[in-house]
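Please keep the model in view while going through them.

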Amino acid sequence: MPAVPPVVPPAAPYAPPRRLLGLSPFGPLLGKELRQMARRKRTYVLRCAYLGLLLILLGFVWLIFTNEFSRSAGVVQQAQRQAQLGQVFFATFAFFTIGFMQVMAPVLTSNAIGAERLARTFDVLVMTPINAWQIVCGKLFSRLMTALTLVGLSLPVLAIVRLLGGVEIDDMIGLIVLAAATATGSAALGLFFSTFIGRAWAVILLSVLVQFAIYVVIPACAGMLLSDVIRTARLYRFVQQLWGAWWPVVACGFNIFEARSAVGWWIPAAVQLGLALLLLIASALMVRRLARGAAGDVRPHAAPPGGFPVMPPPLPGALIEPALPAEPADELPTLAYQPTKIKPSRPARSVGDNPVLWHAVRQPLFARLWQRIVAVVATLGLLALTYVALANENDLDDRGTHAGYAVVFHSVLLLIAVVVSATAMAGEKESDTWTLLIVSPISGWQVVWGKFCGSLRRLLWPWAIVVAHFCVAALTGTVPLAAAMIAVVMSLACNLLWLATGLVFSLRCRRTTAAVVLNLFVPILLYGGVPLVLATTEALFVNDPGFDLTEVAVYHIPYYYEVESVDRFDRANYYGTGSSGRNIRLPFFDEYTSQTSFVLLAMGVTIAYLTLTATLLAWAALRFDDWAGRAR
């Protein structure tokens with residue numbers, strides 16, 4: 001009698017241990033990401049830069065505040081001044097922290113999902129026993145810890161404010177909660193865009209511009225359009241509170257400079273956390289969809305050309321029945337001849353001597369067609385909305401309005417130039433194309449020039465909007481032609497410098513976020529740091545009240561020339577000097593000059609920017625082999 005084999009129970013499905021999955025909804029990805037973020041040098045550079053800017057700003061505020069009041073005062077007056085100084089410190093810290101979180105948080109999460117797809121590790125990530133919710137939560141909170149650490153490192157400022165007085169402890173706690181909530185909402189926005197946009201610079205630009213649109217442009221235009229409807233003081237106050245609950249910067253203004261009962265700290269914090277939750281759910285759904293798409297790429301083998309299916313091999317010990325012969329068909333179907341349509345091939349395009357230039361100038365600002373359509377429609381729609389709102393207030397013909405347009409346009413172009421150029425080389429390093437680029441027989445000048453032209457190519461269509469705006473304003477007679485030319489030329493020429501600095505930082509840094517952060521700090525230090533240093537020097541060493549050293553700093557800032565020309569050209573005796581033809585006042589020198597001399601001065605500053613740009617490009621080209629680590 002044959003032996004009966006033992007009954008083997010079916011194997012239980014694989015259940016990963018709890019240590020692998022993690023005890024929290026964030027999964028094991030959070031710990032891995034935190035360890036990686038802690039070992040990166042750019043984390044410490046970001047902390048030093050944040051604290052350095054905050055201390056410089058607070059020092060500048062302290063110098064201005066102490067110079068306005070004399071030291072010979074009584075005890076009561078000194079206590080009042082200390083309380084006022086504490087309130088000013090608290091307001092400065094609030095606006096700086098909230099604004100910094102709204103700009104920097106999307107930068108931290110800009111390559112959260114896109115980097116995985118670029119490094120071809122996303123398919124491996126979705127094959128692990130980690131669901132989509134754990135992936136997005138781990139990516140978000142690991143990068144969010146960097147932003148929250150910055151808020152924690154700046155808490156000694158609040159301790160100083162508490163010692164000075166003038167601010168309640170409830171306001172301090174509320175500000176910390178609002179800063180953390182703002183960082184969470186802005187980081188979630190960058191994470192959501194990263195799920196379907198692979199380029200980090202596109203995510204950063206889209207996140208910052210979307211926040212600017214929904215927080216500033218749309219509420220301001222809605223207020224101007226509804227100015228005739230909102231007439232009562234109670235309704236106007238309600239609209240202000242609604243705007244403060246939506247935008248954290250306005251909420252800070254309400255809580256610091258007005259009654260605390262207007263808009264509390266907790267309402268805008270709850271709005272930001274709710275927005276972050278919705279964006280996190282949408283990101284998880286997008287990651288789940290991408291995971292299903294990656295799993296759907298594995299298809300069974302197709303049938304051979306003869307049409308016979310591929311049969312699986314028989315199992316060992318299975319009985320194979322002989323196949324029955326097929327019965328002959330009575331009639332064979334006749335198939336009509338259908339000629340195959342051959343698509344005409346496109347003519348071959350010559351690459352040229354510089355393939356990097358050929359490839360870079362053919363990369364648009366947005367990779368997909370639907371992204372370009374959405375970007376163009378949204379940009380033109382917002383611009384048309386501002387025109388309609390200003391026309392409703394009869395401010396479209398005002399010179400000051402177009403001066404504001406010049407500042408906004410220049411700032412948007414600056415942001416695009418900073419982000420796009422900083423990711424030109426760093427994006428190659430994070431992908432598999434950097435090795436191919438440095439081993440190819442291409443000189444450093446060809447690589448640098450090609451990347452620079454590619455970044456300039458992405459800057460042209462936003463600049464075309466600036467050209468169209470000021471051309472219409474010049475043709476209608478609202479803005480003088482010379483002022484329109486200064487605004488158009490300087491908005492592009494002066495921003496070329498940030499394309500060059502971005503290429504330098506992109507060559508020196510390994511990650512796109514580090515290059516973007518460093519390149520973002522350069523214009524901040526040049527346009528804001530130089531006036532702070534001059535004001536500090538004046539407060540410490542100059543006792544003459546009629547000597548304003550800070551006015552020297554306006555000569556290298558292009559905003560001064562754009563605003564001054566748009567607002568004051570072709571206005572005789574604007575300052576009431578009575579001197580015909582010399583109506584433009586030069587700061588610091590306290591002299592008046594003509595419009596022709598002012599145009600020449602603006603062109604000289606533009607030439608200085610172009611010269612510095614060419615110098616940086618030449619330096620980067622000469623040092624390219626050393627920085628890239630290849631033999632000459």
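1. Helices α16 and α23 are roughly antiparallel to each other, because angles over 145 degrees count as such and these two axes cross at roughly 155°. The model in which this pair is seen is a predicted one. The axes of α16 (residues 399-422) and α23 (residues 558-568) come within 8 Å, and their crossing is right-handed.

2. The contact between these two helices involves residues from both sides. From α16 it includes R399, H402, A403 and L414, among others; from α23 it includes P558, Y559, E562 and R568, among others. By class, the contact of α16 with α23 has eight nonpolar, four polar and four charged residues.

3. Helix α10 (residues 200-225) packs against helix α15 (residues 369-392) at an angle of about 30°, and their axes are 8 Å apart. Since angles under 35 degrees count as roughly parallel, α10 is roughly parallel to α15. The crossing of α10 and α15 is left-handed.

4. Which residues of α10 make the contact with α15? They are A213, V217, I218, C221, M224 and L225. On the side of α15, the contact is made by L382, L385, T386, V388, A389, L390 and N392. Eleven residues of this contact are nonpolar, two are polar and none is charged.

5. The length of helix α9 (residues 169-196) can be checked by simple reasoning. At 1.5 Å a residue, its 28 residues should span 40 Å, and the end C-alpha atoms lie 42 Å apart, which agrees. Helix α9 is also mostly covered, with 22 of its 28 residues buried.

6. T613 is found in helix α24 (residues 595-622). Is T613 buried or exposed? T613 counts as buried because its relative accessibility is 4%, and the cut-off for burial is under 20%.

7. The surroundings of T613 include residues from elsewhere in the sequence. Leaving aside neighbours within four places in sequence, T613 is in contact with F452, L496, L497 and A500. T613 and T501 are 112 residues apart in sequence, yet their C-alpha atoms are 8.1 Å apart in space.

8. Finally, the chain as a whole may be considered. The protein chain has 25 helices and two strands. Of its 632 residues, 42% count as buried. Among contacts between residues at least 6 apart in sequence, 77% join residues at least 24 apart.

Technical notes: Residues are numbered from 1 along each chain as its sequence is written. This is a predicted model: local features need pLDDT of at least 70, side-chain atom pairs count only at pLDDT 80 or more; totals for chains, interfaces and linings use all residues. Side-chain values use heavy atoms; hydrogens and water are left out. Helices (H or I, at least four residues) and strands (E, at least two) are DSSP runs, numbered from the N terminus. The expected span of a helix is 1.5 Å times one less than its number of residues. Buried means under 20% relative accessible area, exposed over 50%, partly exposed in between (1.4 Å probe, protein chains only). Axes are lines fitted to C-alpha atoms, for helices over the stretch in contact, and angles run from 0 to 180 degrees between N-to-C directions. Angles under 35 degrees count as roughly parallel, over 145 as roughly antiparallel, 65 to 115 as roughly perpendicular and the rest as oblique. A crossing is left-handed if the near helix is turned anticlockwise from the far one by less than a right angle, and right-handed if clockwise. Contact means heavy atoms within 4.5 Å. Ala, Val, Leu, Ile, Met, Phe, Trp, Tyr, Cys and Pro count as nonpolar, Asp, Glu, Lys and Arg as charged, and the others, Gly among them, as polar.
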